[in-house]
Amino acid sequence: MRIGELAGLVGVTTRAIRHYHHLGLLPEPERRSNGYREYGLRHAVALARVRRLTELGLGLTEVRDVLADDAGRDLAEVLAELDADLARQEDAIRERRKRLRPLLDDAEHGRLSPEGPVSPELAAFFGEMAHATAERTRPESVMAAKDREFLALFDTTASPEDRAAFLTALRPALSTPGAVERAHAVYERLDALADADLADPRTQAAVDEAARTLVDALPDSLLTHLGSEGAQAFAEGRPVRDDGFLEAFLADFAPAQAAAVQRAMGLLARRASDRSDEGREGTR
């Protein structure tokens, strides 16, 4: 048989046969006087076995181990490892489908966030935000969209424990009376700073007002989560983490917006310090 005939018989490509020769999975046949390879029945049997093993999911290195006389690994051992690997993949697929089900349900009911897919915890939080703002008819704030993008990034990079703690700390921002109105006031003030010139005295006044509005909108639970030292470091532009995240976070804002956020963190740190002093006074 010629190589094309062997390929057609076994159901593989001629390229695959040449690759198997290169890897030593299939012995090279003798060549005719005209230089063409001449394949026999033994080659077809060996090639068919390679095909069956690869269809089971074995990698070519594992196939070579099975075929080698001195590899020290029999087929039963390799198949047992393959079965264990498939079981792990099965568990992973089951978990992925479990996460996919609520996303499909949200999509069916028009609740799927444009930042999705996100964790079930953040999806529930976004759902609360959407419900709380359902009666607003104004166009969505650019800053509100950026806020959701940041939460989606945090959702991806934080540990499950940190994510749960942060969302728990943030949730009162939606549940307390007037919280939604305060949040949208923050977004509107920050949106207004998008093209503001920091050298303009009027901009400094607007930055101060935006910072105070942001502080008023943040719940005490979030302040507890951040800590006064972390808030103060953020306010001063000092690294809170060692991965450059703070610099990237602030660089995503316009200069006046970044100034307002940092000023708000300074006010938060002061608020935390004042309350700590009040607590010490109360214990005397």
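Biologist: What should the 16 residues of helix α3 (residues 41–56) span at 1.5 Å a residue, and how far apart are its end C-alpha atoms?

Modeller: This is a predicted model, in which local features need pLDDT of at least 70 and side-chain atom pairs count only at pLDDT 80 or more, while totals for chains, interfaces and linings use all residues. Residues are numbered from 1 along each chain as its sequence is written, and side-chain values use heavy atoms, with hydrogens and water left out.

Helix α3 should span 22 Å, and its end C-alpha atoms are 23 Å apart, which agrees. The expected span is 1.5 Å times one less than the number of residues. Helices here are DSSP runs of H or I with at least four residues, strands are runs of E with at least two, and both are numbered from the N terminus. By that count the protein has 15 helices and zero strands.

Within α3, the buried residues are H43, A44, L47, V50 and L53. Buried means under 20% relative accessible area, exposed over 50%, and partly exposed in between, with a 1.4 Å probe and protein chains only. An α-helix has 3.6 residues a turn, so residues three or four places apart point the same way. The cover over the buried residues of α3 includes α1 (3–10), α2 (14–23), α4 (60–67) and α5 (75–108); contact here means heavy atoms within 4.5 Å.

Leaving aside residues up to four places away in sequence, H43 touches L6, L26, P27, E28, P29 and E38. After α3 comes G57, with a positive phi near 115°.

Of the 284 residues of the protein, 33% count as buried. Among contacts between residues at least 6 apart in sequence, 62% join residues at least 24 apart. V142 counts as exposed because its relative accessibility is 61%. The C-alpha atoms of V142 and D191 are separated by 6.7 Å, although these residues are 49 residues apart along the chain.
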